[in-house]
Amino acid sequence: MGVNFHSVFFHLMAVLASGFALAVVFSNNIVRMAFYLVASLGAVAGLFFLAGADFVAALQLMIYVGGTLVLLIFGVMLTARGPFADLKTSPAQWTVVGLVGGSLLAVLLYAASSASRWTASGKAASAPPDQVAPTSAPLGLALLGARVDKLDPKQNSASSRAGGMSGYLLPFEIVSVHLVVVLIGAAYLARARRRATPRPIAANSPPDDPSQSSSVS
Amino acid sequence: MEFSEIAKKVSERFGDQVVGVVADAIDPWIEVAPPAIAEIARFLRDEPSLRFQFLHCITGVDYLQTDPKRKIEGQPRIELIYHLGSLAHKHRLVVKAVLPRWKDGIEGQLPEIPSVSGVWSTANWHEREVYDLMGVRFLGHPDLRRILCPDDWVGHPLRKDYEMPLEYQGIRGR
Amino acid sequence: MAVEGVDPELAEFDVRTDEILVNMGPQHPSTHGVLRVVLRTDGEIVLDATPHIGYLHRCAEKIGENVSARQWIPYTDRMDYLAGMNMNLGWALCVEKLLKLEAPEKARHLRVIIVELNRIASHLVAAGTYGLDLGSFTPFMYAFREREKIYDLFELVCGARLTYSYITIGGAMADFPAGWLQRCERFLTEFEPVIDELHAVLTDNAIFIRRTAGIGVLPPEVAIDYGCTGPVLRGSGVDWDLRRDGDPWYTRMYDGYEFHVIAQTGGRYPIERPGHPVPAAAVLGDCWHRYYVRMLECVESMRLIRQGIEKYSRAPGGIGEPIKLTQKLPKGEVYLETEAPKGQMGFMIVSDGAAIPWRARARSSSFCNLSVLSELCRGCLIADVPAVLGSLDIVLGEIDR
Amino acid sequence: MADFFANWLPNWLALTLAALVHVTLILTLALTAAAAFTWAERKVAGRIQDRLGPTRVGGRFGWLQAVADGLKLVSKEDVVPKNADPLLFRAAPYVSFCASFCVYLAMPFANGWVAQPLDIAVFFILAVAGLEVLGVILGGYASGSKWSLFGAMREAAQVVSYEVPLALCAVIPVMVAGTMDLVAIGNMQSGWAWNWLIFHDPFLFATFFVYFTCAVASVNRAPFDLAEAESELVAGFLTEYSGFRWSVFFMAEYASMFAVSMLASILFLGGWNGPLPITVWLGLAPNPATGDAPHALLAYLGNFLGMVNLLTKATLGVLVMMWARWTLPRLRIDQVMTMCLKYCIPLAAAMFVGAMVYAYAFPAGLIFRVGGGG
């Protein structure tokens, strides 16, 4: 196959993405985790670019890297005890995570190795498909359930759904659920451990309990 | 209001708590007994015909003869001078309180006087300054810490017998 | 983890934020010297601001007990080093009051001119650095450009630009050089439009108004309670100026002069700028008013200088002889306050009859003005702390003495 | 360009070479812009403040001031505070710089002169430009200083909020043009000045100003420079940075200032098309009336003129930002947020609806013909 730009960069990005993903898991420092997550998600965006899905890639950058992560870091900054709070993972958590993650990985590996396009040849994966113009329109339609690239005018809609043409709605929903999980996680990290009195904003309200203050810098 | 009227008013109200009235000085003053200072201050501030709302300054003066050429009158003592003013009546008053240099004559025991910081908020910092530089303990002060010198400074610089330390935190003093 | 008596559900929903103690200063761009303020903050909200002072402390009062009265004048320069002339005047008048020595007529007008010029210079620094505190660099340059011109004038009369030791006990060190008055008048004519420039870049600027109006409101009772003086007190609407209401030894210097005390009484300022009303958002006693009082005082000072120039040129005689360095002082205690640009600067001298005072005391206006900071900053935002601090216009050389 | 090289070279080498050329060109542009703007900033500040600005380095106008600054900064000690997270502290400036540099990848400089033509260029640029904040947040957070933390917090809050109106404003010309391809949007506005999208309808006209305000806020310039507010936060997220890393942050700031101005020029101000259709008159651009394409060399010249045109407009935008910086005081953080949430977003939304209604009512525009020219 020789030196193919797409495959070289695909592998590079893939290694970066998974490497930083592992770094997220094995790092104890919450801010570094966030940084690795940025890198990992950025690499995934790079993968999307390579696949010719510019729109998804930009979406990935904007929503995940730009939006969610900034929010996440922001939440961590506002709520962390110290600047570099270490997250200790207990053995029980490791076990649960290992089980869940391991089974997911197994499913993924199985799915990946059994996909016919992947096993057949490197060409299909490395070169962007040229039968569909890489614009955002088919993607948007696919999100709504209409796969333009697989559209067969002879079939009616019911049979097309039966033929595995349900569009990207399910993956999109899964991604959305993932987002919800992220937000719930952030809220969990930031949950209150303080009295529920409103913060003193008025000029003459008495200051809070001085014992809560941390050390002077 | 003239000084004599003010002095009369205060003397009438407080009797022997007003130790002396000196009217012929450039800035005439009344001298009060130290324990009564807070009470008198409150009266001076709140009495409608006096209305000394404004505390200009608290000054401590240490009278201790260290130089044989400079004679001082009377016993070694610390005088606290309160300069009061009234914006409403545009009159001024000097109130003095005389304290011993050391409480009960024991060296190192700071003399004590009630704080007037409850009467005028200005007094808060001024009393801290007097405490810091002159070594007078103000009873009932909410936050009596050194203000100009560092917290770990030794001695009270404006006392006449104060000697600059030879060294402070590794810095040569003299 | 809920606190007693509180519904635990409620406590869980409040997002936990940490209080942080931050150190503002002593090396901070907007503390006007070496002031350290410890802020206790919750996010951007300041719960408590505690000033820590003393970084410039050199016990000038102790020095005053070791040098003669006239020798202490250079030390007064270094108190409010932005208004050295006013500091000189305060101490000189205080000793003169003890000596019962009145400076000649000509020296009186000379002092008015010099002192009011220095007041303008000081207010220019206040306005310029206030712009800087609020993130606007340009007014600072405008103000300092004009201040330099004033310093040029001072340099002509005494050779120094910052610490003058010019006004002295018994008069002044030297008379105005030839042509100085014309230069001074030329400066005044040049300076007049600059005030409008400053008004344009600061006073009437919408962002400036938003940053200062209604911020750090100091009610008059609190201002008096804390001993605030000068523009800080007048900014709260208290009509009080020692040039009019002070000790006769001081006010007689201004005999025959016409000027307004700049304080908003009855809802209006004594001088007004046509077409530029006080912004609706401004509350009496807020940062905007404190700043505005200074700007208007510049105008009044110009008026005083013009009158002074006129009176000085007509006054007969000399400007008086300074007392001898070792002149013995009469026994007695004298306290005198003067209206310095930053507030009422009080000097006290206790004399036992020697040439060297038994006790020299300086009552600093900035010292009292600063003590109100924690009151003003409670509950404001971090960004408001420089705004409030700048509007108090403190000088650490005077606070720490 | 890859095709050009591919005539002689193997495919992969041609791609590498093309990529290198593009990256070098863009990097040079970004760095030159940063250097030129530091000099311009000093000059502008000087003039506004009634002084001269730099006068010594490199002759009368201090042309080489930026070089002197750069030398000074590089020779400064690179300090990493004890409390800092060394890895993140060191990496943060480059994160910022990469983000603001990547913006130029999709930015057309003239008709077809773009490193990576993307049909979603506007979206890509907005997405990548938003990433600059990550470096700032990381840098502020990793410094281990409370002032830096405050700066980072402000930056995060500010940028997250202002991205919304910024994107909304950018969507409006996109909607009118019907494409997110910047080259297409630029070409659409060829001809006279009234073909510019800013003059398309009153809503777009207003949108431009909202966009510019939000752009100033999102690149963290005065009066919205709260993240580094030196009078409040010492220097905000930059407090602990010195020397080269500090200058990298600044290069990123200037590069993104230039980028948002360029985007504004392309989206609203006709891009590489001048107020007068000079290139058409000179025969350097395709004639809209006859459709004749000029000779390749002439088209190249026309594109070059177009690039100069675009860069001039973008530079003017940057100069306006400098003008604002040296004139206005800084807003407070709550006022910045109020401005965004209470004014910019509703305004942008209203403009969006307005422009939509307008486009529906006057499909061809009053004076502007989509796709037309001359």
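**View 1. The contact between chain C and chain B.** The contact draws 32 residues from chain C and 25 residues from chain B, as seen in this predicted model. On the side of chain C that touches chain B, at least two residues each are supplied by several elements, including helix 2 (60-64), helix 4 (84-99), strand 7 (343-351) and helix 14 (365-371) of chain C. Strand 6 of chain C gives the largest share of that side, with 5 residues. By residue class, the side of chain C that touches chain B divides into 14 nonpolar, 6 polar and 12 charged residues.

**View 2. An open antiparallel sheet in chain C.** Three strands of chain C, in the order 1-2-3, form an open sheet whose pairing is antiparallel. Strand 1 (19-24) and strand 3 (45-52) of chain C are the edge strands, each pairing on one side only. Neighbouring strands of this sheet are turned against each other by 20 degrees on average, direction ignored. Strand 2 (residues 36-42) of chain C is joined to strand 3 of chain C by 7 bridges in the antiparallel sense, and Leu39(C) has Ala49(C), in strand 3 of chain C, as its bridge partner.

**View 3. Strand 4 of chain B and its two partners.** Strand 4 (residues 77-85) of chain B is mostly covered, with 8 of its 9 residues buried. Strand 3 (residues 54-63) of chain B runs antiparallel to strand 4 of chain B, and 9 bridges join the two; Leu55(B) has Leu84(B), in strand 4 of chain B, as its bridge partner. Strand 5 (residues 92-99) of chain B also pairs with strand 4 of chain B in the antiparallel sense, over 8 bridges, and here Leu84(B) stands opposite Leu93(B). Strand 4 and strand 5 of chain B form a hairpin with 6 residues between them, and Lys90(B), which lies in the turn, has a positive phi of about 55 degrees.

**View 4. Helix 1 of chain B and the residue that follows.** Helix 1 (residues 3-14) of chain B has 12 residues, so that at 1.5 Å a residue it should span 16 Å, and this agrees with its end C-alpha atoms, which are 16 Å apart. Just after helix 1 of chain B, Gly15(B) takes a positive phi of about 60 degrees.

View 5. The secondary structure of chain A comprises 9 helices and 0 strands, giving the pattern α-α-α-α-α-α-α-α-α along the sequence. Of the 217 residues in chain A, 17% are buried. Among contacts in chain A between residues at least 6 apart in sequence, 57% join residues at least 24 apart.

Methods
Residues numbered from 1 in each chain as written. Chains lettered and ligands numbered in written order. Predicted model: local features only at pLDDT ≥ 70, side-chain atom pairs only at ≥ 80, totals over all residues. Helix = DSSP H or I, 4+ residues; strand = E, 2+ residues; numbered from the N terminus. Buried ≥ 20, exposed ≤ 12 C-beta atoms within 10 Å, placed from the backbone. Contact = placed C-beta atoms within 7 Å. Nonpolar A, V, L, I, M, F, W, Y, C, P; charged D, E, K, R; others polar. Expected span 1.5 Å × (residues − 1). Pairing = 2+ DSSP bridges. Axes fitted to C-alpha atoms, helices over the stretch in contact; angles between N-to-C directions.
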